[in-house]
Amino acid sequence: MKERIKKAGVVYAAVVATGIAAAAVIKITGRGIPCIFRLITGLKCPGCGNTTAVLALLELDFMGAFAANLLFFPEFAYIAWAALCYTLEYVKTGKKQLMPKPEWLNWCFLGVLVLWTVVRNIIKI
């Protein structure tokens, strides 16, 4: 179990370090990774604006983060919850289960993402 805790810690540290490096590169160059969905379709995906929201949060600009993507905070909360569930399951049992329980919550959140994508493209936000 201690070995699994170490592995999980390394993964989280790598994710944080990558995020910090990406934020620094974006701040220095002013350019981020373009949204493939938007490039192909011309429509915003449910995550469009999340990079801007994260950069705003790094400056403690909560309204700027909210303005960048209205669904950013629920998306962030869901991803944090899923990562926590995945990590706890892995540390306890060694199993790598991608979809956290309860499964209905995953489907509900997927429905919210689809609905958000449709709504934000219809009313152009």
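Me: A residue is buried under 20% relative accessible area, exposed over 50% and partly exposed in between (1.4 Å probe, protein chains only). How does Ala77 count at 44% relative accessibility?

Reply: This is a predicted model, in which local features need pLDDT of at least 70, side-chain atom pairs count only at pLDDT 80 or more, and totals for chains, interfaces and linings use all residues. Residues are numbered from 1 along each chain as its sequence is written, and side-chain values use heavy atoms, with hydrogens and water left out. Ala77 lies in helix H5. Because its relative accessibility is 44%, Ala77 counts as partly exposed.

Me: How many helices are in the chain?

Reply: Helices (H or I, at least four residues) and strands (E, at least two) are DSSP runs, numbered from the N terminus. The elements run α-α-α-α-α-α from the N terminus on. The chain has zero strands, and its helices number six.

Me: What share of the chain is buried?

Reply: The C-alpha atoms fill a box of roughly 50 × 40 × 30 Å along the principal axes. The chain has 125 residues, and the buried share is 22%.

Me: How is H3 oriented relative to H5?

Reply: Axes are lines fitted to C-alpha atoms, over the stretch in contact for helices, and angles run from 0 to 180 degrees between N-to-C directions. The axes of H3 (residues 50-58) and H5 (residues 72-93) come within 11 Å and cross at roughly 85°. Angles under 35 degrees count as roughly parallel, over 145 as roughly antiparallel, 65 to 115 as roughly perpendicular and the rest as oblique. H3 is therefore, relative to H5, roughly perpendicular.

Me: Which residues of H5 make the contact with H3?

Reply: Contact means heavy atoms within 4.5 Å. On the H3 side the residues are Asn50, Ala53, Val54 and Leu57. Those from H5 are Phe72, Phe73 and Glu75.

Me: Which residues does Trp116 contact, leaving aside its neighbours within four places in sequence?

Reply: Trp116 is one of the residues of the largest nonpolar core. With the neighbours within four places set aside, its contacts are Pro46, Asn69, Leu70, Leu71 and Ile125.

Methods
Core = buried A, V, L, I, M, F, W, Y, C linked by side-chain atoms within 4.5 Å.
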